[in-house]
Amino acid sequence: MLEDRKMKTQSQVSSIFDIAKDTVLFLVLSFYYILESLFWTLVPNAFRPMKSLKGDIVLVTGGGGGVGRRLAIRLARLGAKVVIWDVNEDALNKTCSAVRDEGYEAKSYVVDLADRAAVYKSAQKVKREVGKVDVLINNAGVVFGETLLELNDAAIERTYKVNILSHYWTVKAFLPDMIENGKGHIVTVGSVAGLLGTYRCTDYSATKFATVGFHESLFTELRAHGHSSIYATLVCPYYINTGMFDGVTPRLMPMLEPDYVAETMIDSIRKNEVNCIMPGSVRYLLPLKCLLPAKMCWDLMHRVMKGPQSMMELKKKPQAI
Ligand SMILES: NC(=O)c1ccc[n+]([C@@H]2O[C@H](COP(=O)([O-])OP(=O)(O)OC[C@H]3O[C@@H](n4cnc5c(N)ncnc54)[C@H](O)[C@@H]3O)[C@@H](O)[C@H]2O)c1
């Protein structure tokens with residue numbers, strides 16, 4: 001009995017010692033991480049090492065549209081082998097001809113990301129016809145912009161299928177090759193609406209919040225399993241001037257331009273960044289939502305930013321049926 005108690009005390013002491021040791025190590029490393037992060041924030045891109053995407057197969061979903069098209073063009077300029085997926089064939093053709101006008105090639109596939117079987121089938125086709133994907137950019141997204149009671153069930157389901165479920169199918173299709181190659185990059189396009197609930201976006205915001213959880217969990221799985229050369233980047237932009245949020249006139253900050261978003265996104269990928277929030281100032285506002293009283297947050301959003309009021313101007317889109 002006495003022996004048991006002695007052993008228990010010894011193991012408690014050693015576990016306290018382990019926690020103290022790990023905490024001290026963590027604090028020392030944290031100091032280094034903060035200095036490293038400050039250093040790289042201050043160094044202009046031109047003077048820092050950036051990953052080359054030359055020769056890499058980069059797949060962009062929603063590559064027919066606003067940001068996706070700009071991504072495809074810029075990636076082609078960097079020498080990447082660009083593969084684009086979109087449900088809209090005309091938009092795909094426009095992107096391909098824009099890429100071709102610059103003297104590059106892009107391979108396009110008509111894929112409805114809401115259709116799981118089509119995603120898996122197209123992934124096999126890409127592997128056969130182009131090769132193993134090195135960088136996957138899950139960029140496609142939809143918004144219907146209705147209040148919860150106005151949204152029909154099919155629209156809610158479609159938003160979930162395109163904005164988040166498709167990420168599972170594409171990552172399941174391409175990640176095993178990245179693991180086999182010992183390199184890869186998965187880019188998840190979320191939104192500031194995935195960090196802050198937004199009026200007329202119960203479906204859209206919820207799926208974008210899901211992208212955050214998806215990215216963070218995937219990141220922990222990759223690191224915990226030792227896949228340190230497979231990177232994951234979460235991109236959360238504020239409103240972008242692509243037409244997706246047509247009619248909205250944000251009060252305090254103008255919409256971002258799609259060229260700027262695509263450029264910043266590619267820089268972030270080339271720096272292997274884990275998070276890319278645009279504009280960067282939003283990062284400083286976010287903690288306020290947990291720190292401030294709820295009434296104050298609502299007043300800030302409603303009275304000062306006029307977020308809901310500006311979303312009331314969003315042009316209606318036909319709902320899925
Ligand atoms: N526009 C914004 O204000 C804004 C803000 C933050 C985040 N985002 C996100 O950025 C990403 C790109 O947005 P964008 O502004 O370029 O949008 P966009 O509407 O201009 O382009 C989206 C593209 O996705 C394609 N797409 C839609 N449904 C599809 C499906 N089922 N299968 C395949 N392709 C499909 C569309 O055809 C379109 O080409 C989206 O994920 C969006 O949610 C946009």
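Leaving aside neighbours within four places in sequence, T233 is in contact with H185, V187, S268, I269, E273, V274 and C276, two residues being in contact if their C-beta atoms, placed from the backbone, lie within 7 Å. The model is a predicted one, in which local features need pLDDT of at least 70, side-chain atom pairs count only at pLDDT 80 or more, and totals for chains, interfaces and linings use all residues. Residues are numbered from 1 along each chain as its sequence is written.

T233 lies in strand β6 (residues 230–237); helices (H or I, at least four residues) and strands (E, at least two) are DSSP runs, numbered from the N terminus. R303, by contrast, is found in helix α10 (residues 294–305). T233 is buried because 22 other C-beta atoms lie within 10 Å, whereas R303 counts as exposed, with 9 C-beta neighbours inside 10 Å. A residue is buried if 20 or more other C-beta atoms, placed from the backbone, lie within 10 Å of its own, exposed if 12 or fewer, and partly exposed in between. The table gives two C-alpha separations.

| Pair | Apart in sequence | C-alpha to C-alpha |
|---|---|---|
| T233 and K271 | 38 residues | 9.8 Å |
| R303 and D246 | 57 residues | 22 Å |

Helix α4 comprises 14 residues (116–129) and should span 20 Å at 1.5 Å a residue, which agrees with the 20 Å between its end C-alpha atoms; the expected span is 1.5 Å times one less than the number of residues. The buried residues of α4 are V119, S122, A123 and V126. They cover an arc of only 110 degrees around the axis, and are therefore on the same side of α4; the arc is that of the directions from the helix axis to the C-beta atoms. Exposed on the other side of α4 are A117, Q124, R128 and E129. The cover over the buried residues of α4 includes β1 (57–61), β2, β3 (106–110) and α5 (153–181). Just after α4, G131 takes a positive phi of about 135 degrees.

The ligand is surrounded by 29 residues, the closest being G62, G65, G66, G141 and T242; a residue is near a molecule if its C-beta atom, placed from the backbone, lies within 6 Å of it. The elements giving two or more residues to this shell are α2 (66–77) and β2 (81–86), and the largest share, three residues, comes from α2.

The domain assignment, automatic or from a database, gives domain 1 (1–41) and domain 2 (54–313). Their centres, taken over C-alpha atoms, are separated by 38 Å.
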